[in-house]
Amino acid sequence: MSNLLNHGENPDKKRGNPDKRVEVSAATVSRSAAGFGQDTANVIPTFDVNMRLDNHARNAILSLAKTTADKRTASEMVTILIENYVSSLNPKTLDTYEELLDMLETKDSLNYKLKKH
């Protein structure tokens with residue numbers, strides 16, 4: 001009767017001692033490479049926002065995005081259009097643009113910090 005609990009296993013074989021030898025190698029990762037210890041005070045948060053525009057502008061952006069080889073999103077297409085336009089600005093206008101952009105990015109960062117805590 002006691003052999004019923006063995007279910008046909010070899011009683012000489014010990015459990016917990018597998019016959020296979022397994023070697024495990026682990027790579028060492030620094031804390032900074034894993035993202036720990038970084039100064040998050042200067043990180044500008046990225047979050048989704050809405051922007052009102054008419055249907056024609058939306059259709060043009062979506063059409064441009066879909067006709068690119070990479071089938072980009074509308075957001076990626078707007079970023080490309082901004083980069084192209086900014087690269088054509090004269091130095092005085094570019095300085096003004098960068099100051100305004102920096103101010104708005106700082107505002108977003110401060111708002112994010114206030115909401116986070």
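Is Asp70 buried or exposed? I looked it up and found Asp70 exposed, because its relative accessibility is 55%. My cut-offs: buried is under 20% relative accessible area, exposed is over 50%, and partly exposed lies in between, with a 1.4 Å probe and protein chains only.

**Ground rules.** I am working on a predicted model, where local features need pLDDT of at least 70, side-chain atom pairs count only at pLDDT 80 or more, and totals for chains, interfaces and linings use all residues. Residues are numbered from 1 along each chain as its sequence is written, and side-chain values use heavy atoms, with hydrogens and water left out.

**Overall fold.** I counted three helices and zero strands in the chain. The pattern along the sequence reads α-α-α. For this I took DSSP runs, numbered from the N terminus: H or I of at least four residues for helices, E of at least two for strands. I noted that 6% of the 117 residues are buried. The chain exposes about 11,500 Å², and 55% of that comes from carbon and sulfur atoms. Accessible areas are by Shrake-Rupley with a 1.4 Å probe; for residues, only the protein chains shown count as cover.

I went back to Asp70 and looked for its partner. Asp70 forms a salt bridge with Arg72, with the closest N and O atoms 3.2 Å apart. My criterion was a side-chain nitrogen of Lys or Arg within 4 Å of a carboxyl oxygen of Asp or Glu. The structure holds one salt bridge. Arg72 is partly exposed, because its relative accessibility is 27%.

I then checked Lys71. Lys71 sits in the loop between helix 1 and helix 2 (74-87). Its phi is near 50°, a positive value in a residue other than glycine. Lys71 counts as exposed because its relative accessible area is 56%.

**Ser63.** I placed Ser63 in helix 1 (residues 55-67). It is partly exposed, as its relative accessibility is 42%. How far apart are the C-alpha atoms of Ser63 and Met77? I got 9.7 Å, for residues 14 apart along the chain.

**Tyr97.** I found Tyr97 in helix 3. At a relative accessible area of 29%, Tyr97 is partly exposed. Which residues does Tyr97 touch, not counting those up to four places away in sequence? The list is Ile82, Val86 and Leu89. I took contact as heavy atoms within 4.5 Å. The C-alpha atoms of Tyr97 and Val86 are separated by 8.4 Å, with the two residues eleven apart along the chain.

**Surface patches.** I looked for patches among residues with over 30% relative accessible area and no salt bridge, joining like charges within 9 Å and nonpolar side chains (Val, Leu, Ile, Met, Phe, Trp, Tyr) within 5 Å.

A negative patch on the surface gathers Asp95, Glu98, Glu99 and Asp102. Lys and Arg count as positive, Asp and Glu as negative; His and the chain ends are not counted. I placed each charge at NZ of Lys, CZ of Arg, CG of Asp or CD of Glu. Asp95 lies in helix 3 (residues 91-116). It is partly exposed, at 45% relative accessibility.

A nonpolar patch on the surface is made of Leu100, Met103 and Leu104, with about 300 Å² of accessible area together. I found Leu104 in helix 3. Leu104 is partly exposed because its relative accessible area is 47%.
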